[in-house]
Number of protein chains: 2
Amino acid sequence: MTVLRQAAEARRAAIDLGAATRAEKDRALLLMADRLVERVEDIVAANAADVNRSREADQSEAMVDRLTLTPERIAAMADGLRQLAALPDPVGDVVRGSRLPNGLELRQVRVPFGVVGIIYEGRPNVTADAAGICLKSGNAALLRGSGSALSSNAAIVSVLRQAVADAGLPANAIQLLDATTRDSVKELMRARGLVDVLIPRGGASLIKTVVEESTVPVIETGVGNCHVYVDEAADLEKALAVAVNSKTQRLSTCNTAETLLVHAAVADSFLPLVLEEYGAAGVTVHGDPRVAGYGDDVVPATADDWRTEYLSADIAVGVVDSLEDAIDHIRRFGTGHTEAIVSESVTATRRFAAQVDAAAVMINASTRFTDGGEFGFGAEIGISTQKLHARGPMGLPELTSTKYIVTGNGHTRG
Amino acid sequence: MTVLRQAAEARRAAIDLGAATRAEKDRALLLMADRLVERVEDIVAANAADVNRSREADQSEAMVDRLTLTPERIAAMADGLRQLAALPDPVGDVVRGSRLPNGLELRQVRVPFGVVGIIYEGRPNVTADAAGICLKSGNAALLRGSGSALSSNAAIVSVLRQAVADAGLPANAIQLLDATTRDSVKELMRARGLVDVLIPRGGASLIKTVVEESTVPVIETGVGNCHVYVDEAADLEKALAVAVNSKTQRLSTCNTAETLLVHAAVADSFLPLVLEEYGAAGVTVHGDPRVAGYGDDVVPATADDWRTEYLSADIAVGVVDSLEDAIDHIRRFGTGHTEAIVSESVTATRRFAAQVDAAAVMINASTRFTDGGEFGFGAEIGISTQKLHARGPMGLPELTSTKYIVTGNGHTRG
C-alpha cells in the first residue's frame, strides 16, 4: 500500500506544482542542478555501494560502467537540468482558440497530466532527467528505478527533493518508489485514478508486462527493430553512409538499425561494399541465402533474426525484389519505431513514407536521428512507439494534456 | 476467433484506406448517404424486428423510442454522412515542421490510427455516425453495437459496406462484430497489435470493464458527474439561466449537470429562485441540510447523491462556504468531464479554471456546451474524459496519430 500512499501524496503535490509559474519551476531546476554538484561526494559514495554490489553479483563490465557515476557524469546530469530551465514551459500554451458563432470564447490550453509514473532500468542519470522533465511540465513524478541503482537513486532523489522544497515547491513532486520488490511495480500499475500516465522505459519484457497489466494509461516506449532499405534508385554512396551509421554509430539504442534490406537490382554493386564496412566495424552479418555469396563471414539468418532487436554488433541482411517486398517485410517485422529508405526516386520515397507504419520514417538519413535532442526538442523522456497521445520522441509538450476553457455571459443551449 | 479474423481483415483494409485521398473518401461518404436513403424501407423493416423484440422483453417506452428508426431518422443519418464529406480531411495535415541545424527536413504529419474498435449501446444511428467518422479519418472501423439493435445495425452496415465497395474503397473498412455474445467484446479487448484504439461509448459499467480489461489502448468517454457552482460574485440572473439549462435542456446526456453548489453568501437570494424553476421543470432536488429550508419538496441528499450521474430529472444541491470548498467538492466527486462556475469575479473564475481538473471548464455558460457540434468540430465520436491523447469532444483530428517524416541527403549522426 506504500505506493498508493505515495501516489496520493504526489496527487496533492501536483495541485501546487500545476499552478506553479515557469519562473518558480526554473528556479527549482537550477537549484536542483546546483545541489547535485555540491553533493557530488555523497552521490559518488552512494553509487559506490551499488557498483560494489553489481561487481559482487558478477555483472558485466558494460553493466557496471552504465551504473557508475563519476563527478563528470553528475555534472552532466546538472547540465541537463539547467538546459530544462532554459526551455519554454508547455503549461498554459493555448493549442486552439476561437470565438464560436454564439459568442462563446473557446480556448484549449495545455495542462500537466498530474502524476506521472516512470519505470526504468539501468543508468541512475535517468532519475535526474525524468524528475526534471516531469517538474518542468508541471507533473509530480513517481520514479521506480532499477534495484541495481538503489543507493544511487536514493541519494539523487534526496538531493533533488530538498532542492525542490528549498525553492518553495512541494518535495513530494519527486518521489522514489521501492525498488527492492516487484510489488511496487504492481501497485503502480493498479493506481488508476491516482496516477495519470505510466511510462515504462527499458527492455521489451518490462514494456510488455506494463502494457498488458496496467490499468493506468500507458505510453509504450522504446522497442525498435529498425530497418534500412536500400532502393534500386539509391545513391550507393549515401546508402553506404546511412547503412553503416544506422548500425554502428551506437549499438545499444532503440533507434539503431537491426536489419538491412537491399533491392536485388543493386545487390551486386552494394552488398560487397557494405559487408566490407560491417566487417571492418566488427559487425556480424546474418544474411539470407542471396546475401551469402557476397561475403565470407556471412552467418545464415534464421527466422528469428528478422524479428530480433540485437542491440549488439549484429545485423540481419536480406535481398528483396521490389519496394513492395521491402514494405511488406517491414510491416511484418517492424516495431513501429524508425524505418529508413535510401533512394533518389520521389515516387519510391513517397510510397515508402506513406505505407510504412512507424513513428519516424527517414529518407536518405540514418535511423539514429530519431531522438528528442536531434529533433530539437531540448529534452526527451523516451520515444513512444504507440499511436495514442504521442508518437516518436517525447519532449515537454508530450507530457501534458489539455483542458477546454469556455467563457460566456450566461449562455444557455437552445 | 472471429473477431481476430475480422480485425486482421480490417488491418488490410486500413492500408488502402489510409492511402485514399480526401476525394475518394468523400465520394464514398456521399454514396453511403444516398444508399441509406434509397434503402430506407429495408432498414425500417430490419429495425421493426429489433423494436418488436424490445417490446416483448418489456423494455421501457423510452428505450424503445431510442431504438426506433423512422425515415426521418434515417435521413438524418444520411445528412450526418454528407456533413462529414464537407469537413476537411485531417490525414496529411502537417502538425509541425522545421529544418534542423544539420539540414534535415522534419515534418510531423497526421496519419490514421489504422483500426479503431467502437463498443456502443443503444441507438442504431451511432452505427452510421461512427462508420462515417472512422472512414473520413482513414480508419477501418470494428463496430460492436448493442444486442438490442442487432438487425438494424446489420442492415445499416450491409448498406454502408456495399456503398464503400462501389466507391472503390475496401468494404472491410466497415465491419460489424457479433453482438449476440460478450465474447466479441472480450476478443476485441485482447486484439492488441491488430486493433490500434478502442473507444467504449455507453454507461459507466461498460467503460469501467473496457478500461480495466483491455490490452488495446483505450480512450475513455462519457461519464459525466458535472457540477454548476454559483459563486458569491455571481450575477444571479445568469446563474439561474445556467443552472436551469445545465440540468433541464436534456436530461440523459453526459454533459448534463448533476450537482449544483451555491455559495452561502447568495443562498438566501438564489436558492428560492432556482428551486422554484427546478420544481416547475419537474426536477427533484436532493438537498443538503442547508438547502432544505428553501423549498418544500427538497429530498434529503444522501452520501451517494454527490457521486451519482442521475441522467434523470434529479439534481443534488449543496451550499458551500467558499470557492475553495466548491473546488474541493468537485475534486472529490467530479468525473473530469465538465464543471461550470457562474461568477463576475475574474479572480474567482481564473482560480476555478486553473484548479478544477476537467476536460472542460465553463465560465458563465451551461455545461451542455461541451459537445463537438457546439465547439464547431462538425463531427464527434465521443467526449473523452481521460487525459491521454484526447480530452473533451473528439472530432476528426482526434481520430488520428502522427508520423515524423525526416528527409536528408545521406545524413549520418556524428
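View 1. Two copies of a chain are related by a rotation about an axis and a shift along it. In this predicted model, chain A can be laid on chain B by a turn of 180° and a shift of 0.0 Å along the axis, with an RMSD of 0.0 Å, and that is the relation of a two-fold axis. The residue of chain A that comes closest to this rotation axis is A:His389, whose C-alpha lies at 1.8 Å. The same surface serves both copies, in that 98% of the contact residues of chain A recur in chain B.

**View 2. The side of chain A that touches chain B.** Here 56 residues of chain A are in contact with 56 residues of chain B. On the side of chain A, the elements that give two or more residues are the helices H1 (2-19), H9 (204-213), H10 (236-248) and H14 (346-355), together with the strands S13 (360-365) and S16 (400-411). The most is given by S16(A), with 11 residues. Sorted by class, the residues on this side of chain A comprise 26 nonpolar, 19 polar and 11 charged.

**View 3. Strand pairing from one chain to the other.** Strand S13(A) is joined to strand S16 (residues 400-411) of chain B by five bridges, and the two strands run parallel. Within S16(B), the residue that stands opposite A:Met362 is B:Val406.

View 4. Four strands of chain A form an open sheet in the order S5-S4-S3-S6, with parallel pairing. Its edge strands are S5 (174-176) and S6 (197-201), each of which pairs on one side only, and from one strand to the next the twist averages 20°. Strands S3 (residues 115-120) and S4 (residues 140-144) of chain A pair in the parallel sense over five bridges, with A:Val115 standing opposite A:Ala140 in S4(A). Helix H7 (residues 150-166) of chain A lies across S4 and S5 and runs at about 160° to S5(A), while H9(A) lies across S3 and S6 and runs at about 160° to S6(A).

**View 5. The corresponding sheet in chain B.** In chain B, too, an open sheet of four strands has the order S5-S4-S3-S6 with parallel pairing. Strands S3 (residues 115-120) and S4 (residues 140-144) of chain B run parallel and are joined by five bridges, and B:Val116 stands opposite B:Ala141 in S4(B). Helix H7 (residues 150-166) of chain B lies across S4 and S5 of that chain, whereas helix H9 (residues 204-213) of chain B lies across S3 and S6.

**View 6. A helix pair in chain B.** The axes of helix H2 (residues 22-38) and helix H5 (residues 71-86) of chain B come within 8 Å and cross at roughly 170°, and H2(B) and H5(B) are therefore roughly antiparallel to each other. Among the residues of H2(B) that meet H5(B) are B:Leu29, B:Leu30 and B:Leu36, and among those on the H5(B) side are B:Ile74, B:Leu81 and B:Arg82. By class, this contact of H2(B) with H5(B) has 13 nonpolar, no polar and two charged residues.

**View 7. The domains of chain A.** Chain A is divided into domain 1 (2-220 + 386-407) and domain 2 (226-369). Taken over C-alpha atoms, the centres of domain 1 and domain 2 of chain A are separated by 35 Å.

Notes: Residues numbered from 1 in each chain as written. Chains lettered and ligands numbered in written order. Predicted model: local features only at pLDDT ≥ 70, side-chain atom pairs only at ≥ 80, totals over all residues. Contact = placed C-beta atoms within 7 Å. Nonpolar A, V, L, I, M, F, W, Y, C, P; charged D, E, K, R; others polar. Pairing = 2+ DSSP bridges. Axes fitted to C-alpha atoms, helices over the stretch in contact; angles between N-to-C directions. Parallel < 35°, antiparallel > 145°, perpendicular 65-115°, else oblique. Least-squares fit on C-alpha atoms with pLDDT ≥ 70 in both. Domains from an automatic or database assignment.
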